[in-house]
Amino acid sequence: MNIKDLIKQNNELRKQLNPENKKYYEEILVYIRVNMNKDEQKTEEILLEILQDILDAQKNSTSAQAFFGKNPKEISDNILAELPNDSEKYWSKFLFVFFLILLQYNLFDLLLQPVVSINWFNTVLPVILLVVTAILGLTSIKYSAFASDKKKSYFFAFLALFLWMASILTPIIDKKMNGIVGYILFSHQAFAAILFILSICLLIVQFRFKMNNATGIYITTFFAVLEGTILLGIVNPVFVSTGLQIILWLVIVLVSILGVLRDNQKFRKN
């Protein structure tokens, strides 16, 4: 049975759980699935096995807690320790793409400036901070699965918030200091060409590895279209007014939200 079929069967069987067992099982499910470095096939197989065991116990009027014990986190940790890692999936399907998506946001903002100039503090460092923010956010979600780990969840959420704010402030401070280190200058069309190639490469990577990430595909496609119009000379960023830039960023945010909603809908179905 492939991953899609395993998830589909999991969704159907889960409907048979009573509210108490469903809550118990879904804590385990969220905690295990958030560990994105694990082999997805093995993960879904073991989740289905646990679900079937709980359903069998439920038929005999035995609760999931009585069958598996009062500490679902300990069970989940034991399962995770046994599951094989999938480092290729983790790095190629999440961090790499997430890094490139964030990089696109930052670089496209530079493309709309009167003079395109990049350096470490206004481009690269904020993106690295955002990637770390995402990792901390996932860690916070992982610990939020169980009530006993709420403090850890809040701690990682606070760190994520702190680094997110640092990613915003770093380029502002750099701008106020007129560049902490030296800049590299580009023409708008040359920079648009670089970004267009980057967007196409990102789309290829996403489809090549079948990531099915609506947020990444939607926003990358939208950026590629915008960069293409500048590359072909249809739009000149020098003549784009502040009001038009605000409208453009609102549309970009809207496209991102649509992608997130699509991914969220898919996650809930799973």
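## The overall fold

The protein chain has eleven helices and two strands, where helices (H or I, at least four residues) and strands (E, at least two) are DSSP runs numbered from the N terminus. This is a predicted model, so local features need pLDDT of at least 70 and side-chain atom pairs count only at pLDDT 80 or more, while totals for chains, interfaces and linings use all residues. Residues are numbered from 1 along each chain as its sequence is written, and side-chain values use heavy atoms, with hydrogens and water left out.

Read from the N terminus, the elements go α-α-α-α-α-α-β-α-α-β-α-α-α. The C-alpha trace spans about 70 × 35 × 35 Å along its principal axes. Of the 270 residues, 42% count as buried; buried means under 20% relative accessible area, exposed over 50%, and partly exposed in between (1.4 Å probe, protein chains only). Now take contacts, meaning heavy atoms within 4.5 Å: among those between residues at least 6 apart in sequence, 79% join residues at least 24 apart.

## Transmembrane regions in the record

An unreviewed UniProt entry lists "transmembrane region" for residues 90-108, 120-141, 153-173, 179-205, 217-236 and 242-261. UniProt positions are given in the numbering used here, feature names are shortened, and annotations may be inferred rather than shown by experiment.

Let's look at two of these stretches. Residues 179-205 are 67% helix and 11% strand, with the end C-alpha atoms 33 Å apart. Residues 217-236 are 75% helix and 0% strand, and there the end C-alpha atoms are 25 Å apart.

## Aromatic rings

A search of the whole structure turns up six aromatic pairs. Rings of Phe, Tyr and Trp (its six-membered ring) pair if their centres lie within 6.5 Å; planes under 30 degrees apart count as stacked, over 60 as edge-to-face and the rest as tilted. F67 and F68 make an edge-to-face pair, 5.0 Å centre to centre with 80 degrees between the planes. Both are partly exposed: F67 has a relative accessible area of 44%, and F68 has 24%.

F155 and F156 are edge-to-face too, because their planes sit at 70 degrees, with the ring centres 5.4 Å apart. F155 is partly exposed at 46% relative accessibility. Elsewhere, Y105, F108, F223 and W249 form one aromatic cluster.

Start with E27, in helix α2 (residues 19-33). E27 is buried, with a relative accessible area of 18%. Setting aside neighbours within four places in sequence, E27 is in contact with P72, A145 and F146.

Then hop to S61, in the loop between α3 (40-59) and α4 (64-68). S61 is exposed, at 72% relative accessible area. Its phi is near 60 degrees, a positive value in a residue other than glycine. Most residues other than glycine have a negative phi.

## The second largest pocket

The second largest pocket has a volume of about 740 Å³. On a 1 Å grid over the protein atoms alone, a pocket is an open set of points where a 1.4 Å probe fits, with protein on both sides within 12 Å along at least five of seven lines; lining residues have an atom within 4 Å of a point. Grid points are joined across faces, edges and corners, and the volume is the space filled by probe spheres set on the points.

There are 21 lining residues, and the closest to the pocket's centre are D109, L110, Q113, N122 and P171. The elements giving two or more residues to this lining are α6 (87-111), α7 (120-143) and α8 (150-176), and α8 gives the most, with seven. The lining divides into eleven nonpolar, seven polar and three charged residues. Here Ala, Val, Leu, Ile, Met, Phe, Trp, Tyr, Cys and Pro count as nonpolar, Asp, Glu, Lys and Arg as charged, and the others, Gly among them, as polar.
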